[in-house]
Amino acid sequence: MSLDSDISLLSRIALFSDLGTEHLRLLAFSAVRTELLTDQILFREGAAAAGGYVVSSGEIELSTGIGRGRKVVGTCDVGCLIGEIALFVETKRPA
């Protein structure tokens, strides 16, 4: 994605929607892009959360537990902000 498309994506997220273009540009420029393969794990339940993630393409499944005890608690698609509380306070991943 280009910087302009990243800015556009961020502007559609409720938490960032009141920010001006220059602030969104700073967020987009400082963001770290992570690409996942199918079935690759982004983070684990209970892990320390150091920031949030914005889904820019595809879909992320959120689940709790492991093995037979694993339960899908939600899915996030394009434009979803995952872990936004970690942008403000020290926390752990709930799923």
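1. Asp4 and Arg25 form a salt bridge in this predicted model, their closest N and O atoms lying 3.9 Å apart, where a salt bridge is taken as a side-chain nitrogen of Lys or Arg within 4 Å of a carboxyl oxygen of Asp or Glu. The pair links distant parts of the chain, since Asp4 sits in helix α1 (residues 3-11) and Arg25 in helix α2 (residues 21-30), 21 residues apart. Helices here are DSSP runs of H or I with at least four residues, strands are runs of E with at least two, and both are numbered from the N terminus. Asp4 is exposed, with a relative accessible area of 55%, whereas Arg25 is partly exposed at 29%; buried means under 20% relative accessible area, exposed means over 50%, and partly exposed is in between (1.4 Å probe, protein chains only).

2. A word on how the model should be read: residues are numbered from 1 along each chain as its sequence is written, and side-chain values use heavy atoms, with hydrogens and water left out. Because this is a predicted model, local features need pLDDT of at least 70 and side-chain atom pairs count only at pLDDT 80 or more, while totals for chains, interfaces and linings use all residues.

3. The structure holds four salt bridges, and side chains of opposite charge can pair when their charged atoms come close. Asp6 and Arg33 meet in one of them, with 3.0 Å from N to O. Asp6 lies in helix α1 and Arg33 in the loop between α2 and β1 (48-49), so this pair ties together parts that are 27 residues apart in sequence. Asp6 is buried, with a relative accessible area of 14%, while Arg33 counts as partly exposed at 43%.

4. Arg70 forms a salt bridge with Glu61, and the closest N and O atoms of this pair are 2.2 Å apart. Salt bridges that share partners also join Asp4, Glu22 and Arg25 into one network. Arg70 is partly exposed, at 43% relative accessibility, and Glu61 is partly exposed at 43% as well.

5. For the chain as a whole, the secondary structure comes to two helices and six strands, which run α-α-β-β-β-β-β-β from the N terminus on. The C-alpha trace spans about 45 × 30 × 20 Å along its principal axes. Of the 95 residues, 22% count as buried. Among contacts (heavy atoms within 4.5 Å) with a separation of 6 or more, 50% come from residues 24 or more positions apart.

6. A nonpolar surface patch of about 470 Å² is made by Leu15, Ile85, Leu87, Phe88 and Val89. Patches are made of residues with over 30% relative accessible area and no salt bridge, like charges being joined within 9 Å and nonpolar side chains (Val, Leu, Ile, Met, Phe, Trp, Tyr) within 5 Å. Val89 is found in the loop between β5 (81-82) and β6 (91-92), and Val89 is partly exposed, with a relative accessible area of 44%.

7. Asp39 deserves a separate look, as its phi is near 70°, a positive value in a residue other than glycine. Most residues other than glycine have a negative phi. Asp39 lies in the loop between α2 and β1, and Asp39 is exposed, with a relative accessible area of 76%.

Technical notes. Accessible areas come from the Shrake-Rupley method with a 1.4 Å probe; for residues, only the protein chains shown count as cover.
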